[in-house]
Amino acid sequence: MVAAGEPWDEVVAQTIQEGLAGVECLSGIPGLAGATPIQNVGAYGQEISEVITAVHVWDRRAGQRRVLTPSSCAFGYRDSAFKRDPEAAVVLAVELQLRPGGDATLRYAELRRSLEQGGRPSLARVREHVLALRRSKSMVLDADDPNSRSAGSFFTNPVVAPSQVEALVEQVVREGVVDRADAVPRHPTEDGRVKLPAAWLIEAAGFRKGDRRGAVGISSRHALALVHHGGGRTGELLAFADEITARVRERFGIELQPEPVIVGEPWAGGAAKR
Ligand SMILES: Cc1cc2nc3c(=O)[nH]c(=O)nc-3n(C[C@H](O)[C@H](O)[C@H](O)COP(=O)(O)OP(=O)(O)OC[C@H]3O[C@@H](n4cnc5c(N)ncnc54)[C@H](O)[C@@H]3O)c2cc1C
């Protein structure tokens, strides 16, 4: 059981030290353990929901403690019952079932490629590689790295019907965005739909890493991270996010959704007049 106030990455480091597999790919995600169920944090082929066996909460409406089963948390891709109803519960602790002596999860192609040599990688080696990959995309907090002044990924990867992917592929090949159909990255999901990388869509719509709008911009290392360069305001950031959302919708008919919970400003989703 992990208390909500534990720094998440320290928890991951400790599980690896103890030879427990199950969260090694979630290395380097900033924040506290209690936030991990909220958006079902995930990275490099793992999601926290795969190992959660119970979530201890303070039920704010009933005014009492409760222990929730994973099914009542309704976990989805970057989603959960907590995210959909933020007033309902405060997470107090999470129970995880990890695998003593278990193998690391190597589902993510980029991670598999970087670990190809040397046989079965240790959990520690996987953690090192995940941290190195994350650093190369400025996805670990680092005061010296201006590209890490972000909320992480700003958009979730859209999950769409296969027919929409076919139309997208036909369009981008016809328009010369890519030279062949298999150059469009896509990942089938268990429910028969297809997950498209939002970063790819953003670049295919004509944005470039490093594009700026005044004090805010796209990270020069990762098209999915919106960064501020000092002195930026939330309104400016959201206006740029609106511009990106609108262009992706106009070009491809695909709707991008923000991953962070936006507080105090309405999310206009590409239709804003800010
Ligand atoms: C550089 C960077 C990289 C990132 N990479 C990833 C990634 O790879 N994968 C990923 O999934 N996320 C990623 N994130 C997002 C972020 O790290 C996670 O969402 C993390 O879980 C947030 O933790 P926090 O403690 O900072 O929560 P906060 O940002 O403070 O809160 C997030 C939301 O959860 C709610 N919340 C927090 N704690 C509780 C609680 N105990 N009970 C009830 N509600 C609560 C808050 O009200 C808020 O709505 C990244 C962020 C950054 C800045």
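Start with the charges: the mean positions of the chain's 34 positive and 35 negative charges lie 2 Å apart. Lys and Arg count as positive, Asp and Glu as negative, while His and the chain ends are left out. Each charge is placed at NZ of Lys, CZ of Arg, CG of Asp or CD of Glu.

This is a predicted model, where local features need pLDDT of at least 70, side-chain atom pairs need pLDDT 80 or more, and totals for chains use all residues. Residues are numbered from 1 along each chain as its sequence is written, and side-chain values use heavy atoms, without hydrogens or water.

**Whole chain.** Show the C-alpha trace. Along its principal axes it spans about 50 × 50 × 40 Å. Now color by secondary structure. You get eight helices and 14 strands; these are DSSP runs, with helices (H or I) of at least four residues and strands (E) of at least two, numbered from the N terminus. Of the 274 residues, 45% are buried (under 20% relative accessible area, 1.4 Å probe, protein chains only).

**Helix H8.** Select residues 234-252. This helix has 19 residues and reaches 27 Å from first C-alpha to last, close to the 27 Å expected (1.5 Å times one less than its number of residues).

Next, pick its buried residues, among them Leu 237, Phe 240, Ile 244 and Phe 252. What do the buried residues of H8 pack against? Select helix H6 (162-174), helix H7 (198-204) and strands E12 (212-213), E13 (216-218) and E14 (226-228).

Last stop: Gly 253. This residue follows H8, and its phi is positive, near 65°.

Note on methods. Buried < 20%, exposed > 50% of the residue type's maximum accessible area, 1.4 Å probe, protein only. Contact = heavy atoms within 4.5 Å.
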